[in-house]
Amino acid sequence: MIQKLPKDLSSFYIQLYQIVDDSSTDPIISWSKSSNDNSFVVWDLKKLQRDILTKSSGLGRSLKEFLAELRNHGFKAVVKGPGELEFVHEDFARGLMTKKMMAKALSERIERVDAQIKAMKCRVKSRKANLRVENLFQKLRI
């Protein structure tokens, strides 16, 4: 099965994947124990709010915001028993292929940031040159 994430891989997908894939958070949130590799379960809502959401920047600061972000990013709730929260997304799957795609997306993001830094350096250089010319003109006026 070919695993893929959306082309516009946002930090939400990356952060969520890292949290779900982290075995230290398994008592709170983890991949589903079923054979479905593209779903995860929230096991402890209180700890999710207290230990994860309050420390993350892109997942939403409250449970309500987190659930809204999941819906906005195409996740669907799987109907289970009371107190069980499972979410599925056909392109959000555990496995090596997903990690490779995430690494590729991160490297592309780094390349974009590098290009922005280079452009900023050029603007700063240009501004410095303009200031030198203005300074010379000011000296000539005196």
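Which side chain makes a polar contact with the side chain of S39? I opened the predicted model with that in mind, and here is my page of notes.

**Entry 1: S39.** I found the answer quickly: the side chain of E86 is the partner, at 2.7 Å. I placed S39 in strand 2. Is S39 buried or exposed? Its relative accessibility came out at 0%, and buried means under 20%, so S39 counts as buried. I then listed its contacts, setting aside neighbours within four places in sequence. W31, S32 and S34 are among them, and so are E86, F87, V88 and F92.

Entry 2: I followed strand 2, residues 39-42, to its partner strand 4, residues 85-88. The two run antiparallel and are joined by four bridges. Next I looked up strand 3, residues 76-78. Strand 3 also pairs with strand 4 in the antiparallel sense, over three bridges. Here I wrote down K76, whose bridge partner in strand 4 is V88.

**Entry 3: the whole chain.** I stepped back and counted four helices and four strands. Reading from the N terminus, I get the order α-β-β-α-α-β-β-α. How many of the 142 residues count as buried? I have 30% in my notes. Last, I checked contacts between residues at least 6 apart in sequence: 55% of them join residues at least 24 apart.

Definitions and conventions:
Residues are numbered from 1 along each chain as its sequence is written. This is a predicted model: local features need pLDDT of at least 70, side-chain atom pairs count only at pLDDT 80 or more; totals for chains, interfaces and linings use all residues. Side-chain values use heavy atoms; hydrogens and water are left out. Two strands pair if DSSP finds at least two bridges between them. Buried means under 20% relative accessible area, exposed over 50%, partly exposed in between (1.4 Å probe, protein chains only). Contact means heavy atoms within 4.5 Å. A polar contact is a pair of N or O atoms within 3.5 Å; within protein, one must be able to donate a hydrogen and the other to accept it, and residues adjacent in sequence count only if both atoms are side-chain atoms.
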